[in-house]
Amino acid sequence: MSTITDTHSAPAAHDDHDHHDHKPTGIKRWLFTTNHKDIGTMYLWFSFAMFLLGGSMALMIRAELFQPGMQIIDPHFFNQMTTMHGVIMVFGAVMPAFVGLANWMIPMMIGAPDMALPRMNNWSFWILPFAFLIMLSSFFMPGGAPAFGWTFYAPLSTTYSTDSTALFVFAMHIMGMSSIMGAINVIVTIMNMRAPGMNYMKMPLFVWTWFITAFLLIAVMPVLAGVVTMVLTDKYFGTSFFDAAGGGDPVLFQHLFWFFGHPEVYIMILPSFGIVSAIIPAFARKRLFGYASMVYATASIAGLSFLVWAHHMFTTGMPTFASLFFMYMTMLIAVPTGVKIFNWVSTMWRGAMTFETPMLFSIAFVVLFTIGGLSGVMLAITPVDYQYHDTYFVVAHFHYVLVSGAVFSILAAAYYWLPKWSGVMYDDFLSKMHFWCSLISVNILFFPMHFVGLAGMPRRIPDYALQFADINAIVSVGGFLFGFSQLIFLAVVVKCALKKGEPAPAKPWEGAEGLEWTVPSPAPYHTFDVPPKV
């Protein structure tokens, strides 16, 4: 790591410091703020609200699947729940949480006074709640909300969908705009506002992973915009992009969607790698093993993510050559991911480890993400995928990657930086209770899904054969335990927000390194009056 000089406490070069630290109050502060910390806070609260909303939809799904037969909701509403749960969790919970962390931490980590484009930053946040209001209002339309799955395959989303599809498409466009604006902001900030002496290979890995993620977002969001527009024109304007009767091809939809969708999966996991790469060295009290290889591995994952999209489509009858190509590419993308896991384990090896809550979530991330990765390699084998495809095995795979992957890393990040954000140390007992409840329940929830999937239980169905009843009951119990465990986290955060706790020092974690630990806790409204020297 580079040596860091703390210049925050140096005397300011001017005397109007009071004017600089002035911050607006009341509702106007939040509506018109251009401060990266305020915008980051709003993103994080918004994403947590969406996490609870999407989670409650998941609990409705699991309540229906607790036993065979139709108990609580009808099949059409069940399909609305699966669709909206997926869309809300991906675009409303995980992505905004990472953008919130980027807003809060990137300027502090690179020694910048703020994000490069602060007004656009405000705009990119405030259009998000409206996008989700538009989407959620579709529940009150005739025929209800979209019921075609979060991947909205044609012809389900064109020929057979309700009129709420128009609202869905409009909301997707607005979310895409928000993502692209956020990504441009991240790139411009990192390229132009690093502190003197911080070259690219001195940047913290969280900054690197977000830098690469931002380029991915700019590359794939227009593809999503294109495919939802084609769905819109097929449904309402008589085009036939995906209608074979008019010369189109429904499989074209899948190619376009997954060309966006697979890099999107990496957009939701690359920032996690950056978070874990910050936390593990801090609590192992060692430097990160193989910093440069981590940067190159992240870049190669991003590049390869454009060459694996059709591994979601092995059962569509692709030519053998195409199946082989996508199989080998998917195997190949496991290599840089394996490099990262090796580096994290090597960092912990013979380190002076302590097990604070952020470290617990990070270790759980490494173990459970690896399980998700191994089932991903299984799914990549073309002939075997015919057995796994569209079963609960796939559900188990991507929830291991995205819940015990992305969500656990977001929780790790929250516990790691919460003292810096709030200025108080959180309740250690409650945070550990949150960790153990989450860890145990998430495995009760998702691990048994591998077995019902291998036994042939299809996914996205409201009713199932009798032989799957016992495991589904266990899974549903795990789901409710995991859902309600997150209320412990809410309690921890609210206690911090109300300043109930020990005052946090500038550097609460002994082994932590980086510019963000050179400023007081809570971080001042304007971080660096004078750029720090690295």
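Student: What should helix 7, residues 205-236, span at 1.5 Å a residue?
Tutor: Its 32 residues should span 46 Å, and the end C-alpha atoms are 46 Å apart, so the two agree. The expected span is 1.5 Å times one less than the number of residues. Helices here are DSSP runs (H or I, at least four residues; strands are E, at least two), numbered from the N terminus. This is a predicted model: local features need pLDDT of at least 70, side-chain atom pairs need pLDDT 80 or more, and totals for chains, interfaces and linings use all residues. Residues count from 1 along each chain as its sequence is written, and side-chain values use heavy atoms, without hydrogens or water.

Student: Where does helix 7 bend?
Tutor: At Val220, by about 25°. The bend is the angle between axes fitted to the seven residues ending there and the seven starting there. A proline, Pro222, follows within four residues.

Student: And what comes just after helix 7?
Tutor: Gly238, with a positive phi of about 75°.

Student: Switching to helix 9. Is that one mostly covered or open?
Tutor: Mostly covered: 14 of its 15 residues are buried. Buried means under 20% relative accessible area, exposed over 50%, partly exposed in between (1.4 Å probe, protein chains only). Helix 9 takes in residues 270-284, which should span 21 Å; its end C-alpha atoms are 22 Å apart, in agreement.

Student: Which residue follows helix 9?
Tutor: Arg285, with a positive phi near 55°. Arg285 also meets Glu510 in a salt bridge, 3.5 Å from N to O. The pair links distant parts of the chain, 225 residues apart: Arg285 sits in the loop between helix 9 and helix 10, Glu510 in the segment after helix 16. A salt bridge needs a side-chain nitrogen of Lys or Arg within 4 Å of a carboxyl oxygen of Asp or Glu.

Student: How many salt bridges turn up in the whole structure?
Tutor: Five. One of them joins Asp427 and Lys495 at 2.9 Å, N to O. Asp427 is in the loop between helix 14 and helix 15, and Lys495 is in helix 16, so the pair ties together parts 68 residues apart in sequence. Asp427 is partly exposed at 23%, and Lys495 is partly exposed at 30%. Another bridge pairs Arg29 with Asp38 at 2.6 Å, N to O. Both Arg29 and Asp38 are buried.

Student: What about the surface? Which residues form the nonpolar patch?
Tutor: Leu52, Phe480, Phe484 and Leu487, with about 340 Å² of accessible area together. Areas are Shrake-Rupley with a 1.4 Å probe, and for residues only the protein chains shown count as cover. Patch residues have over 30% relative accessible area and no salt bridge; like charges join within 9 Å, nonpolar side chains (Val, Leu, Ile, Met, Phe, Trp, Tyr) within 5 Å.

Student: Which helix gives the most to the patch?
Tutor: Helix 16, residues 469-497, with three residues. Phe484 is found in helix 16.

Student: Last one, the overall fold. How many helices and strands?
Tutor: The chain has 16 helices and zero strands. Of its 534 residues, 56% count as buried. The C-alpha trace spans about 75 × 50 × 45 Å along its principal axes.
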